[in-house]
Amino acid sequence: MVARALILLLVLVPVRVAFFWLVSLLLSSLIWFIAVKASDPQDERLQKGLLIFGVMFSVLLQEAFRFLYYKLLRKAIEGLVALSEDGCSPISIQQMAYVAGVGFGLMSGAFSMINLLADALGPGTVGIHGDSQLYFLTSAFMTMVLIFLHTFWGILFFHGCEHRRWWEIAAVVIMHLTVSGLSFCNPLYVGSLVPSYLLMAAAAAWAYLLSGGSVQNLRRFLLCLRSGASPQPGS
């Protein structure tokens with residue numbers, strides 16, 4: 001019974017967390033839409049400010065829904081503990097964090113690709129007026145980095161909530177705001193892609209260490225060594 005509940009939970013978590021992401025996007029889009037309609041559409045400076053506000057508010061709302069989902073998963077783990085015979089949960093909060101992060105990332109990436117494909121339908125040709133022709137390529141790379149970042153952010157965020165390390169939660173929010181803000185550097189794509197990938201590398205290393213990883217384990221993985229084996233001389 002516990003095994004069935006575990007499998008069902010691992011399947012439903014990405015779907016439910018994707019729904020939470022969509023709800024946060026819907027609410028932030030609704031607020032931005034109302035703000036745009038209530039303002040002067042001819043004021044370009046104001047409209048750009050509202051766009052920046054909408055992006056930043058969307059990030060904060062996403063993180064608020066991530067925290068809400070952490071609370072729900074905590075209740076689910078307590079239910080699994082009550083069902084288990086030994087009083088232990090068959091799934092850890094780290095595994096929950098990973099699955100939830102993947103759900104957040106996949107939905108974010110899918111939504112980004114839908115917008116990208118909608119732009120690809122036309123009208124017009126990218127770069128026809130001398131603009132960069134790397135729009136679709138850089139958008140694909142940006143989508144990929146966001147999927148990975150959401151996965152790592154999920155691990156960091158849940159770890160911070162579990163151990164009451166609020167500075168880890170703040171670090172996730174700041175990184176999310178930074179990556180979203182870097183999108184305003186476009187069409188200077190180097191100014192957005194390079195810092196985003198550097199943040200992804202830092203978040204990946206941080207999440208790996210918080211999940212119990214070590215340099216020794218990474219070295220064993222790269223050298224294809226079994227646990228407890230030692231590298232041969234000259235390898």
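Is S58 buried or exposed? S58 is buried, its relative accessible area being 9%; buried means under 20%, exposed over 50% and partly exposed in between, with a 1.4 Å probe and protein chains only. The model shown is predicted: local features need pLDDT of at least 70 and side-chain atom pairs count only at pLDDT 80 or more, while totals for chains, interfaces and linings use all residues. Residues are numbered from 1 along each chain as its sequence is written, and side-chain values use heavy atoms, with hydrogens and water left out.

**View A. The chain as a whole, with seven helices and zero strands.** Helices (H or I, at least four residues) and strands (E, at least two) are DSSP runs numbered from the N terminus. Read along the sequence, the pattern is α-α-α-α-α-α-α. Of the 235 residues in the chain, 34% are buried. Among contacts (heavy atoms within 4.5 Å) with a separation of 6 or more, 69% join residues 24 or more positions apart.

View B. Apart from its neighbours within four places in sequence, S58 is in contact with L25 and S28.

**View C. The salt bridge between R66 and E63.** The structure holds three salt bridges, each defined by a side-chain nitrogen of Lys or Arg within 4 Å of a carboxyl oxygen of Asp or Glu. In this pair, the N to O distance is 2.9 Å. R66 and E63 are three residues apart in helix 2 (residues 44-83), so about one helical turn separates them. Both partners are buried: R66 has a relative accessible area of 2%, and E63 has one of 4%.

**View D. The salt bridge between R74 and E162.** The side chains meet with an N to O distance of 2.3 Å. The pair links distant parts of the chain, since R74 belongs to helix 2 and E162 to helix 4 (residues 135-162), 88 residues apart. R74 is partly exposed at 24% relative accessibility, and E162 is partly exposed at 25%.

View E. R165 is partly exposed, with a relative accessible area of 35%, whereas E168 is buried at 0%. Most residues other than glycine have a negative phi. R164 is not a glycine, yet its phi is positive, at about 55°.

**View F. The largest pocket, holding about 1,100 Å³ of space.** On a 1 Å grid over the protein atoms alone, a pocket is an open set of points where a 1.4 Å probe fits, with protein on both sides within 12 Å along at least five of seven lines; lining residues have an atom within 4 Å of a point. Grid points are joined across faces, edges and corners, and the volume is the space filled by probe spheres set on them. Of the 34 lining residues, V55, S112, N115, L146 and S183 are the closest to the centre of the pocket. At least two lining residues come from each of helix 1 (2-37), helix 2, helix 3 (93-120), helix 4, helix 5 (166-182) and helix 6 (189-210). The lining divides into 16 nonpolar, 17 polar and one charged residues, where Ala, Val, Leu, Ile, Met, Phe, Trp, Tyr, Cys and Pro count as nonpolar, Asp, Glu, Lys and Arg as charged, and the others, Gly among them, as polar.

**View G. The second largest pocket, with a volume of about 170 Å³.** Its lining consists of Q94, Y98, F148, T151, F152, I155, A204, A207, Y208 and S211. Helix 3, helix 4 and helix 6 each give two or more of these residues, and the largest share, four residues, comes from helix 4. By class, seven are nonpolar, three are polar and none is charged.

**View H. Segments annotated as "transmembrane region" in UniProt.** The unreviewed entry places this feature at residues 7-35, 50-69, 96-114, 134-157, 169-190 and 196-215. Positions follow the numbering used here, feature names are shortened, and annotations may be inferred rather than shown by experiment. Residues 134-157 are 96% helix and 0% strand, with end C-alpha atoms 33 Å apart. For residues 196-215 the proportions are 80% helix and 0% strand, and the end C-alpha atoms lie 24 Å apart.
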